[in-house]
Amino acid sequence: PLGPGLKVCAGLRKESLQPGESFMAQLGDCPYGFADGEILSYEAQADCLVVRYEFWNAKHGVFTFDGFEAMRAIAAIGVTIGAAREMGSSDLMASLVARLYEQPPEHVGLTAYQFVDLNDFPVFEVVARACRFSEE
């Protein structure tokens, strides 16, 4: 199921989804789609991660991941993004939960967000409690 402010994208390689995953057209109340955009920069600040993004229409925005716990970036800056997806679970999230809890609770209150390139390769992943969007 999608969280608040998230909607399923139409026409984006749904065959690449794994059980429990959904493509996102909106994240943190963002009004633009992710396809053909790019991550410009990211910066960790205390318990939040700030990601600056340029959309397909040359508009700029900032995603703030509150309750930021972990991230993984693989050549993420300047790569054309094909889509973003909210994941019920990921390897990064599983590693984090195993590190934080001896006996993991059923719900940890975290969400994994993943940005993939045009070939569906994950280039940026964030584990956080929430996400919000603002235009620059």
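Residues are numbered from 1 along each chain as its sequence is written, and side-chain values rest on heavy atoms, with hydrogens and water left out. Because the model is predicted, local features require pLDDT of at least 70 and side-chain atom pairs count only at pLDDT 80 or more, whereas totals for chains, interfaces and linings use all residues.

The mean pLDDT, the predictor's confidence in each residue on a scale from 0 to 100, is 79 for the protein, and 79% of its residues reach 70 or more. Over residues 1–18 the pLDDT is below 50, although this stretch has 40 contacts in the model beyond near neighbours in sequence; a contact means heavy atoms within 4.5 Å. Residues 20–25 likewise stay under 50, with 37 contacts beyond four places in sequence. Where pLDDT is low, the predicted coordinates should not be read in detail.

The protein has one helix and nine strands. Along the sequence they follow the pattern β-β-β-β-β-β-α-β-β-β. Of the 136 residues, 45% count as buried, where buried means under 20% relative accessible area, exposed means over 50%, and partly exposed lies in between (1.4 Å probe, protein chains only). Among contacts between residues at least 6 apart in sequence, 59% join residues at least 24 apart.

Strands pair if DSSP finds at least two bridges between them. Strand β3 (residues 48–54) runs antiparallel to β4 and is joined to it by seven bridges. The two form a hairpin with five residues between them, and Ala58 in the turn has a positive phi of about 70°. Strand β4 also pairs with strand β9 (residues 130–135), in the antiparallel sense and over six bridges. Val62 in β4 illustrates both pairings: Arg52 stands opposite Val62, and Val62 stands opposite Ser134 in β9.

The aromatic residues supply further links. Rings of Phe, Tyr and Trp (its six-membered ring) pair if their centres lie within 6.5 Å; planes under 30 degrees apart count as stacked, over 60 as edge-to-face and the rest as tilted. The structure holds 13 such pairs. In one of them, the rings of Phe34 and Phe55 have their centres 6.5 Å apart and their planes at 50°, so the pair is tilted. Phe34 lies in the loop between β1 (21–24) and β2 (37–45) and Phe55 in the loop between β3 and β4, so this pair ties together parts that are 21 residues apart in sequence. Phe34 is buried at 2% relative accessibility, and Phe55 is buried with a relative accessible area of 2%. Ring pairs link Phe34 and Phe55 with Tyr42, Tyr53, Phe63, Phe115, Phe124 and Phe133 into a cluster.

A nonpolar core is a set of buried Ala, Val, Leu, Ile, Met, Phe, Trp, Tyr and Cys residues joined through side-chain atoms within 4.5 Å. The largest core has 22 residues, of which Ile39, Tyr53, Phe63, Phe65, Phe115 and Phe124 touch the most other members. Strands β3, β4, β6 (80–87), β7, β8 and β9 each give two or more residues to this core, and the largest share, four residues, comes from β8. A second, separate core of ten residues includes Met87, Met93, Val97 and Ala112. Beyond four places in sequence, Phe124 has contacts that include Ile39, Tyr42, Leu49, Val51, Met71 and Phe115.

Strand β7 (residues 111–117) contains Thr111, which counts as buried at 16% relative accessibility. Its contacts beyond four places in sequence are Glu86, Met87, Met93, Val126, Val127 and Ala128. Asp117 is also found in β7 and is buried, with a relative accessible area of 13%. A polar atom of the Asp117 side chain lies 2.8 Å from the backbone nitrogen of Asn119. In the loop between β7 and β8 (122–128) lies Asp120, which is buried with a relative accessible area of 19%. The C-alpha atoms of Asp120 and Ile81 are separated by 8.8 Å, while the two residues are 39 residues apart along the chain.

Definitions and conventions:
A polar contact is a pair of N or O atoms within 3.5 Å; within protein, one must be able to donate a hydrogen and the other to accept it, and residues adjacent in sequence count only if both atoms are side-chain atoms.
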